[in-house]
Amino acid sequence: MDIVRLTETRDGYDIDTSGWAAYVASIEAGLPEPVKAFVAAPWRYDARDPRCLHDARLEQLALSEGDDEGGRPNQVLLVLQGAWGGRIELCYRQVSRLQVDKHGGPSEGFGDLLLEELVAVGAGTFRHELVFVEGKLLLEFGDFRETQVDLPVPEAAGP
């Protein structure tokens, strides 16, 4: 992780997002709209918000390739079960790197998502790192889309 820090403590984990807002402000002018909407969302690191990815669980990871005139474009679909219910679908296109690191036994899943960070790594290239209790996913890509399905609606603030 480049900006957000995860530290294991005696009672669990400490997540330090203090540098995130300044980082987003420094890059958001040049971001494609779907990436900007995701990285600048105020709920990204607010575990009290049902849209936050913290504690989500991996439901599906799918890689697909296709043929066209430009070669074999590929896509990765990551489906997460939200911590509060519902599903979060993250679709990455123009994937140049996919790294899956799973630890734990064969009957154990990845576990809860502890932390994720999506950063710019070059002109039109981004990296999304997702750290789970029992593994890690890292993707580098050029195009991105996030869809939330049947997530609970956050409570409206009172008067």
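**Stop 1: salt bridges**

This predicted model holds 10 salt bridges.

Select Glu116 and Arg44. They form a salt bridge, and the closest N and O atoms are 2.7 Å apart. Glu116 belongs to strand S7 (residues 113-122), while Arg44 sits in the loop between helix H2 (33-39) and strand S3 (57-65), so the bridge ties together parts that are 72 residues apart in sequence. Are these two residues buried or exposed? Glu116 has a relative accessible area of 3% and is buried. Arg44, at 2%, counts as buried as well. The cut-off for that label is under 20%.

Next, select Asp112 and Arg57. Here the closest N and O atoms of the salt bridge are 2.6 Å apart. This pair also links distant parts of the chain: Asp112 is in the loop between strand S6 (97-102) and S7, Arg57 is in strand S3, and 55 residues separate them. Asp112 is partly exposed at 25% relative accessibility. Arg57 is partly exposed too, with a relative accessible area of 43%.

Stay on S3 and pick Glu59. Its salt bridge goes to Arg87, with the closest N and O atoms 3.6 Å apart. Glu59 lies in strand S3 and Arg87 in strand S5 (residues 87-93), 28 residues apart, so-called distant parts of the chain that the pair links. Salt bridges with shared partners join Glu59, Arg87 and Glu89 into one network. As for accessibility, Glu59 is partly exposed at 41%. Arg87 is partly exposed at 29%.

**Stop 2: aromatic rings**

Switch to the rings. The count here is 9 aromatic pairs. Select Phe38 and Trp43. Their ring centres are 6.3 Å apart and their planes stand at 75 degrees, so the pair is edge-to-face; the label needs an angle over 60 degrees. Phe38 is buried, at 0% relative accessibility. Trp43 is buried at 9%.

Move to Tyr92 and Phe141. This pair is edge-to-face as well, because the planes are at 65 degrees, with the ring centres 5.0 Å apart. It links distant parts of the chain: Tyr92 is in strand S5, Phe141 is in strand S9 (residues 135-141), and they are 49 residues apart. Tyr92 counts as buried at 0% relative accessibility. Phe141 counts as buried at 1%.

Which residues do the ring pairs link into a cluster? Select Phe38, Trp43, Tyr92, Phe126, Phe141 and Phe144 together; these are its members.

Keep Phe38 on screen and bring back Arg44. The charged end of Arg44 sits over the ring of Phe38, 4.3 Å from the ring centre. Arg44 is also the salt-bridge partner of Glu116.

**Stop 3**

Look at S7 beside S8. The two strands pair in the antiparallel sense over 8 bridges. For one point of contact, select Leu115: its bridge partner in S8 is Val131. Then go to the turn. The hairpin of S7 and S8 has 2 residues between the strands, and Gly124 there takes a positive phi near 75 degrees.

Now look at S9 beside S8. These strands run antiparallel, joined by 7 bridges. They form a hairpin, again with 2 residues between them. Select Phe126 to find what faces it in S9: Phe126 stands opposite Phe141. Both of these residues belong to the aromatic cluster of the previous stop.

**Stop 3**

Zoom in on Leu61. This residue is in strand S3. At 34% relative accessibility, Leu61 is partly exposed.

Terms used. Residues are numbered from 1 along each chain as its sequence is written. This is a predicted model: local features need pLDDT of at least 70, side-chain atom pairs count only at pLDDT 80 or more; totals for chains, interfaces and linings use all residues. Side-chain values use heavy atoms; hydrogens and water are left out. A salt bridge is a side-chain nitrogen of Lys or Arg within 4 Å of a carboxyl oxygen of Asp or Glu. Helices (H or I, at least four residues) and strands (E, at least two) are DSSP runs, numbered from the N terminus. Buried means under 20% relative accessible area, exposed over 50%, partly exposed in between (1.4 Å probe, protein chains only). Rings of Phe, Tyr and Trp (its six-membered ring) pair if their centres lie within 6.5 Å; planes under 30 degrees apart count as stacked, over 60 as edge-to-face and the rest as tilted. A charge sits over a ring if NZ of Lys or CZ of Arg is within 6 Å of the ring centre and within 35 degrees of the ring normal. Two strands pair if DSSP finds at least two bridges between them.
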